[in-house]
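Student: I've got the sequence and the structure open, and I'd like to go through them with you. Can we start with the sheet?

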2 protein chains.
Amino acid sequence: MKKNVIEKTIEYLSTFYKADATALEALTTLCFEGKVAKGKDLQPIGHTCRTIYINVEGLLRIYYFKDGIDITESFEKENSVVVRVESLFSGRASRKGIQAVENTTFVSISAPPLFALFDHHPSLERLFRKVFEAGYIKTVNRLESLQFHTAEERYRQLMDEQPDILQRAPLKHIASYLGMTQVSLSRIRAHR
Amino acid sequence: MKKNVIEKTIEYLSTFYKADATALEALTTLCFEGKVAKGKDLQPIGHTCRTIYINVEGLLRIYYFKDGIDITESFEKENSVVVRVESLFSGRASRKGIQAVENTTFVSISAPPLFALFDHHPSLERLFRKVFEAGYIKTVNRLESLQFHTAEERYRQLMDEQPDILQRAPLKHIASYLGMTQVSLSRIRAHR
DNA sequence: ATTATTATTTATCAAATGTAAAAGGATAGG
DNA sequence: CCTATCCTTTTACATTTGATAAATAATAAT
């Protein structure tokens with residue numbers, strides 16, 4: 001059972017780049033399955049990000065507070081690599097946390113030993129380089145969306161591209177994710 | 001003279017990670033110096049991004065059009081790696097172009113041969129992994145700024161963090177960079 | 001089931017931002 | 001030096017969005 005989840009994760013990661021067998025074996029050593037219940041924090045705010053999570057089933061969100069308001073930076077569904085980039089790559093504490101929006105099954109990989117593996121397994125470094133490149137692309141596209149689209153356009157875009165999120169996450173989180181207030185989102189949904 | 005610019009570039013790149021000497025030698029082979037005059041496109045809109053530019057001196061911007069309006073996605077000063085991420089990492093044509101805001105001296109590195117070098121020089125792959133991680137962090141931070149800060153807050157933030165940009169780039173480009181109209185920016189600058 | 005809690009919608013008003021057009025300023029070329 | 005062009009500010013007005021509070025709906029806990 002646990003084996004299965006980790007195998008699925010390795011398969012998923014292999015869609016980014018096919019690392020060689022010995023490298024994947026070493027990687028498997030670092031993989032651990034875990035679960036978080038809906039509403040619970042997988043990682044609280046204030047910690048340094050030293051773990052790479054792969055969401056296997058469920059829904060997570062990265063969030064933080066601005067002026068006491070809870071803001072969802074991103075939603076991460078099944079088959080997503082979940083990290084707080086600014087912290088993982090800089091070694092600084094993150095002002096962001098990871099919380100379960102649904103009961104979630106994940107695989108965790110401790111980052112320091114993973115990065116150490118890179119020295120002996122360049123194919124692993126390449127794999128994760130491509131994983132992070134993909135995340136980078138997503139972030140750039142989201143930036144564009146926030147930079148010059150109206151609130152309504154952003155909502156329609158989400159409806160087109162990820163209609164399931166609308167069903168799975170509470171609207172208050174979706175509102176902040178889209179960079180608007182709950183009230184604004186409600187207005188837009190009321191068609192006008 | 002040309003040698004000098006390329007040496008400076010290698011030095012700058014080495015601040016991300018110290019690749020070994022043979023790797024850097026191979027990298028130097030791929031470096032070419034170039035210049036673009038103010039107002040000219042270094043890369044026009046519509047091309048696939050296959051070149052990595054390092055801005056040595058001057059100011060560039062990445063831009064695109066939305067509904068016929070020129071939008072500056074980012075400014076890139078001296079000591080910046082300049083690529084259109086969504087294109088370079090996906091191989092798809094970019095809707096974005098790179099334009100010189102000031103007369104600019106740059107070094108270009110052709111991406112396909114660079115990526116090929118990675119196979120023989122893992123330390124180069126690491127170097128560029130770290131380069132792109134740094135860019136990723138910048139983008140995530142910018143996302144946060146656009147997601148829940150007011151127009152005025154975004155302007156103040158730019159004033160704090162990159163006051164030189166205010167001097168070097170026309171306000172119309174700064175306005176779109178900050179995700180607002182020229183009129184709005186003018187209002188904010190008029191203090192109220 | 002009943003109550004308490006949380007989420008969502010609605011309403012009202014104020015503030016921020018966009019649109020359009022005009023008026024100054026600055027700059028470059030002849 | 002003068003004109004033409006581009007950049008920036010200003011004005012007036014329309015729209016969007018935010019803030020606050022109250023009403024309603026949904027959910028969880030007992």
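Tutor: Strands (E, at least two residues) and helices (H or I, at least four) are DSSP runs, numbered from the N terminus. This is a predicted model, where local features need pLDDT of at least 70, side-chain atom pairs count only at pLDDT 80 or more, and totals for chains, interfaces and linings use all residues. Residues are numbered from 1 along each chain as its sequence is written, and chains are lettered from A and ligands numbered from 1 in the order in which they are written.

Student: In what order do the 4 strands of the open sheet in chain B run?

Tutor: The pairing in this open sheet is antiparallel. Strand 1 (31-36) and strand 6 (80-82) of chain B are its edges, since each pairs on one side only. The order is 1-8-3-6.

Student: Which element gives the most to the side of chain A that touches chain B?

Tutor: Contact here is C-beta atoms, placed from the backbone, within 7 Å. Chain A brings 25 residues and chain B brings 25 residues. On chain A's side, strand 5 (69-77), helix 3 (85-88) and helix 5 (122-148) each give two or more. The top contributor, with 17 residues, is helix 5 of chain A.

Technical notes: Two residues are in contact if their C-beta atoms, placed from the backbone, lie within 7 Å. Two strands pair if DSSP finds at least two bridges between them.
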